[in-house]
Amino acid sequence: MTNPPPPQSIYWDPFFVAGQEISLAHLDPFEFLCPTPDGNNRRVRVVYKSHVFTRAHVEGDPPDEMCFDQRIFCPDRYADSHNLQPILAGLPGARVFQTWEKRNYVFLAVETPQRDDRYHLFFEVKKNNRKRDKHIELRVESAYRREDSPYAPPNRPNAVRFAILIQNVFMGRPLVFANR
């Protein structure tokens with residue numbers, strides 16, 4: 001009996017590691033509604049970058065294993081990436097933090113009882129202004145488990161409720177955080 005073929009992605013091209021096809025179907029774009037304080041339900045469309053299942057190339061990595069953006073497939077990040085969709089769908093009730101560089105946001109999740117380290121989920125949000133298809137695009141830039149990330153928020157980060165972030169981005173209002 002042979003194993004069934006992995007689910008096919010509608011977004012990602014077929015991806016192989018050591019001759020084995022790796023399914024990226026769980027990283028296809030998806031949408032969820034975010035109730036905002038102004039009484040609206042804003043549509044949020046999620047897309048992912050390859051950093052959620054790859055890591056930076058380091059000296060000693062075989063050059064033939066490089067894939068997206070000159071990065072290396074990471075089995076740990078790939079395994080964790082299967083939890084991204086339910087984590088992201090739960091963001092409307094969460095607080096997110098602005099990164100020190102102030103161009104994107106991070107959500108620090110601890111979603112499994114087996115592990116107590118934080119799962120850093122970095123994302124950008126922007127309004128898509130198509131005439132008949134206005135929504136927020138949430139681009140997951142990276143996701144990984146490491147406390148010593150140089151991109152993580154400072155010890156006393158600026159937090160905002162995700163629903164307020166979505167409302168302000170949709171309305172074109174800037175978010176102003178207090179200096180810390």
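A residue is termed buried when its relative accessible area is under 20%, exposed when it is over 50%, and partly exposed in between (1.4 Å probe, protein chains only). The model is predicted: local features need pLDDT of at least 70, side-chain atom pairs count only at pLDDT 80 or more, and totals for chains, interfaces and linings use all residues. Residues are numbered from 1 along each chain as its sequence is written, and side-chain values use heavy atoms, with hydrogens and water left out.

The protein chain contains three helices and eleven strands, where helices (H or I, at least four residues) and strands (E, at least two) are DSSP runs numbered from the N terminus. Their order along the sequence is β-β-β-β-β-β-α-α-β-β-β-β-β-α. Of the 180 residues in the protein chain, 43% are buried. Among contacts (heavy atoms within 4.5 Å) with a separation of 6 or more, 52% join residues 24 or more positions apart.

Strand 7 (residues 95–98) takes part in two pairings, a pairing being called if DSSP finds at least two bridges between two strands. With strand 11 (residues 159–161) the sense is antiparallel, over three bridges, and Arg95 stands opposite Arg161. With strand 8 (residues 105–109) the sense is also antiparallel, over two bridges, and Phe97 faces Val106.

The largest nonpolar core comprises 39 residues; such a core is a set of buried Ala, Val, Leu, Ile, Met, Phe, Trp, Tyr and Cys residues joined through side-chain atoms within 4.5 Å. Tyr48, Leu88, Phe123, Leu138 and Phe162 touch the most other members. At least two residues each are supplied by strand 3, strand 4, helix 2 (84–89), strand 8, strand 9 (119–130), strand 10 (133–145) and helix 3. Helix 3 gives the most, with five residues. When residues up to four places away in sequence are not counted, Tyr48 touches Tyr11, Trp12, His26, Leu27, Asp28, Phe30, Leu84, Gln85, Leu88 and Val140.

Helix 3 (residues 162–171) has seven of its ten residues buried, so it is largely enclosed by the rest of the structure. The buried residues of helix 3 are Phe162, Ala163, Leu165, Ile166, Gln167, Asn168 and Phe170.

Six salt bridges are found in the whole structure, each defined as a side-chain nitrogen of Lys or Arg within 4 Å of a carboxyl oxygen of Asp or Glu. One of them joins the side chains of Arg43 and Glu31, at 2.8 Å from N to O. This pair links distant parts of the chain, with Arg43 in strand 4 (residues 41–48) and Glu31 in strand 3 (residues 30–35), twelve residues apart. Arg43 is partly exposed at a relative accessible area of 24%, and Glu31 is partly exposed at 41%. Asp61 and Arg55 form another salt bridge, with the closest N and O atoms 2.8 Å apart; Asp61 is buried at 13% relative accessibility, whereas Arg55 is partly exposed at 27%. In the salt bridge between Glu137 and Arg139, the closest N and O atoms are 3.2 Å apart. Glu137 is buried at 12% relative accessibility, and Arg139 is partly exposed at 28%.
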